[in-house]
Amino acid sequence: MKLNIIQQRGLWWGISTVLVLVSLVAMAISWQQLGAPLKPGLDFAGGTRLQLTRACVATDSCTEPLELADVRQVLGDQGLDSSSLQLLGDDQQVLSIRTRTLTVDERAPLQSALDEAIGPFDPGSTQIDTVGPVVGKQLLVSGLLALLVSFAGIVAYMSLRFKLDYALLAILALAHDVIITAGTFAILGLVLGVEVDSLFIVSLLTIVGFSVNDTVVIYDRVRENAKLSPGSHINDIVDSAVNQTLARSINTSLTTTLPLVAIVIFGGPTLKYFALALIVGFVAGAYSSIFVASSLLALWRERTGQAYSDDPDGSEPQPEAQS
Amino acid sequence: MAKYRAWLGVILVLTIAAVVVITQIPTRLGLDLRGGSQLTIQVQPTAAIPTITEREMEAVQTVVEGRVNGLGVSEAVVQQLGNNQLLVQLPGVSDPQQAERVLGGTAQLEFRAQRPGTDQQLQIENQVLQGHVGELAALQATLPASGEINSDTQARIDKLQADVTASEKAVAALFEPSTLGGDKLTDAIARPTSGTLWEVVIQFNSEGGNEFAEISKAIAGTGRTIGIFLDNRLLSAPTVNVQYAETGITGGSAVISGNFTAESARDLEIQLRGGALPLPVEVVENRTVGPTLGRDSIQRSLYAGIAGLGLVLVFMAVYYRLPGVLADIALVIYALITWAAFNLLGVTLTLPGIAGFILSIGMAVDANVLIFERTREELQAGKTLYRSVESGFYRAFSSILDGNVTTLISCLALFYFGAGLVKGFALTLAIGVIISMFTALTCTRTLMFLAISLPQFRRPSLFCPGLTPVRPDTVRP
C-alpha cells in the first residue's frame, strides 16, 4: 500500500474541513440549546447526584424495575421537581438522580424518603456526588488552563527539537483532533444527553500527548529523509516519510486503541465515555498526523521557498548517539 | 554479548524485586475503589476576617482534624488545598451524612466553669474517656494498611466510638453552660517558661476579659476547673489559684501552665486559635462511593486491564513474530515494574489512575513498534540481521524520545493544574511513560540481541515474514 499524500491532499483536507465544520456546528447548536458548547456534567455545572442501588439480596423487591413515576412523586414532595432521573443497570435496579446542589440537611431526608417509598437501597452501593458551583468553576478553569499550558509546552519543546514551523503545524493538527473529539461529544450530548466532566478534559490532554507523538514520528522521518537526500523536493520527502512510517502509525494506533476498547467493554460507566473520547481522539490524531500535518508541512515549505532543504538552515540537531 | 548478559541479570533482578514489592507492599487504593467519602471544605471569609492567611488555615485545619478524629474513621486524611480549602478523605466511612454534618459549621470554643461537687466524678469520667480513647487508638493501630476491615473489627470500632462520644458527653455535663465563647478570645500563644516547660497565654477582648474574670473568681482556690471545650470536647481543664478568689483573673489575659511540652503547648495554641476563629466552613464538594461499588469498579478495571494487555500481546506476537514475542515479555516486565513503582512510591490508585496505567501499556508498545518497523525496513534494504536490529534501535530513538517527552509535558500540565482524580491519572501515566522508555530501550534490546546471538533464532524470516532473501552484506541502495 502506498499513499499519495501530496497528490490527493485536496481530498484529505476536505475530509478534515468537513469534520471540523460539523464539530463546530454541533457545538454551536449545543451552545444555543444548552448554553454551552458541550453538555456540562456535574463537575462543571455543580449539583448533586445520587446513585442508589436496590438491596436485592436481602429483600425480594427486585422482581420489577424501578418506577420513575414513584421517584418523581418523592422528588415532588421534597420540592425537587426539576431534577433529572435515570435508571441504570441491566435490570433497571439502579437509580440515578441529579438535582441542584443539596446540603446534607436536604439530602438526608430525600434519601430516607426514597428508601421508604421504593427502597430499601444498599448503602454499600450508594454513590453521592455533590459539587458546589464554586468548585465546578474551579475544575473547569484548571482543566482549560492545563490544556493551554500543555499546548504551549509542546510548541516550546518542538521548536527546540525541530523548528517553529513544525511546532505550529503540529499544534494545528492537535487543534483539529481536539475540535473533532469535542464535536463528537457535542453531538452525543445533543442526541444521547452525554455530559462531559473532568475526565473529558483529561482525555483531551491525553489525546494531545498521543497525537503530537504521531506527528513527531512523521516529522522526525521527514527531517531524517531531508538530510539523507538533500536534493529532493519536499513533496517527495513527505510522501516517502509518511509511507515509511505508515505501518508504525497504524499499529501504534491499534495497540493503544485495543486496551481502550477493553475499557469500553468492561469498564464501568465512568470510564466508558472517557475511553470513547480517547478512541475518537486517537483515530482523529492518527488521521491528522498522517494526512494533514504532513501535507501542510510540504505546502508551507513550498510556499516559503524551502522546498529543497539543502540550505544550511535545514540542518537539525541530531539525537544523542545510542550505542 | 557479555554486556547483554549483564543487562539480562539486571532485568531479572529488577523483575524479581518488582514481584517482591508487589506481594509485600499493598497497593494503595483511592476512595473511589475502596469506598469512602472525599469532602472538600471551603473556609469562608467573614466581615471580620476578609482574607484567609496561612495562619488561619492552620487553625481551621486543626479544628477540622479534631472533628475528623471524633468520627473515628481510621486513616482519615486532612490536607490543605489551595489557599482556602481543605480536602478530607474518609475511607470506609459508614455514615457519610453524619460526617458531612459534623465537618461543616463554625468551630464552637467555650470556657465553662466546673459544677460544684463534681471533682471525683470528673476524674472518673476522664479516666473512662481516656480508657476508651486509648483502646480505640490501639485497635486502629493494628489495622492493615490496605484498609480492609472485617465486620467484627468495624463493629468494635463503632462501639468504642460510641463509648468515646458518650464519655465526652458525660464529661461535658459536669460543666456549667457559659456564654464565654471563642468569639471573645483574641489570641493564644505558646511560649517557653523555664527549662523545657511551656505555657499557653490566652487573650480575651474586653467583654471576654470580664466574663473570664467572673468565671475564674467563682472557682479560684476551690480545686474545680475551667473546662475549655472545642466542639464539645474537653481540650484542657486548668484550675485557678486561690490568690484570684477576690477578683478573678482580670486584665483579659491569662496563662495556662502545667506539664506542657513544646509540642503539647503548640497543639493547644492552635486548637484555641482555631476555636477563636469565627470562620464558617462549608462542604462544597462531596464524593462518596459505597464499598460495594468500589469493589465492582476494581473488578471491571481488572478485566479491562487484562483483556487490553492480552489483545496487545496477541497482536504483537502475530504481527511482529519473534521480536513481537520478545516485546511481549518486555511488556509483562514493564507492567510488573510499573505496578511495583506505584506501590513503592505510595501512589494512590484511583479509577482514572488505572485507566492511565492501561493507556501507558499502549504507549509502551509504541516504542517497540517504532523499533521493529525500523528493523524491518533495514532488513528489506538488505542489511544483515545484526546491523538491522542495531540501527532499528539507534534510529528509532529520537522518535521515541520526542514522543514520550511530549506526553510527559501533557502529564505535567495535568498534574500541576488538575485536582484529585485528574492528578492520579497524570501521575500513573507519567510513571508508566518513564518506565516504558526504560523497558523498551533495555529489556527489548537485551532480549533481541541475546536472541540473535543464538543461531536457531538468526533467521530473518522470524523478524520479517515474506522477506525476499538477500545475501547479507551485498546490497545497499
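These legends describe close-up views of a predicted model.

**View 1. The side of chain B that touches chain A.** In this view, 62 residues of chain B are in contact with 58 residues of chain A. Elements of chain B that give two or more residues to this side are β2 (36–43), α4 (96–103), β11 (281–289), α9 (291–345), α10 (351–380), α11 (385–417) and α12 (421–452). The most comes from α11(B), with 16 residues. By residue class, this side of chain B has 35 nonpolar, 18 polar and 9 charged residues.

View 2. Strand β4 (residues 127–131) of chain A pairs with β11(B). The sense is antiparallel, over 5 bridges.

**View 3. An open sheet in chain B.** The sheet has 3 strands, in the order β6-β7-β10 (chain B), with antiparallel pairing. β6 (185–192) and β10 (253–260) of chain B each have a single partner strand, so one side of each is left without a neighbour in the sheet. From one strand to the next, the twist averages 20°.

**View 4. Strands β7 and β10 of chain B, with helix α8.** Strand β7 (residues 198–204) of chain B and β10(B) run antiparallel, joined by 6 bridges. B:Val201 has B:Val255 of β10(B) as its bridge partner. Helix α8 (residues 262–276) of chain B packs on the sheet and touches β6, β7 and β10 of chain B. The direction of α8 makes about 170° with that of β6(B).

Conventions: Residues are numbered from 1 along each chain as its sequence is written. Chains are lettered from A and ligands numbered from 1 in the order in which they are written. This is a predicted model: local features need pLDDT of at least 70, side-chain atom pairs count only at pLDDT 80 or more; totals for chains, interfaces and linings use all residues. Two residues are in contact if their C-beta atoms, placed from the backbone, lie within 7 Å. Helices (H or I, at least four residues) and strands (E, at least two) are DSSP runs, numbered from the N terminus. Ala, Val, Leu, Ile, Met, Phe, Trp, Tyr, Cys and Pro count as nonpolar, Asp, Glu, Lys and Arg as charged, and the others, Gly among them, as polar. Two strands pair if DSSP finds at least two bridges between them. Axes are lines fitted to C-alpha atoms, for helices over the stretch in contact, and angles run from 0 to 180 degrees between N-to-C directions.
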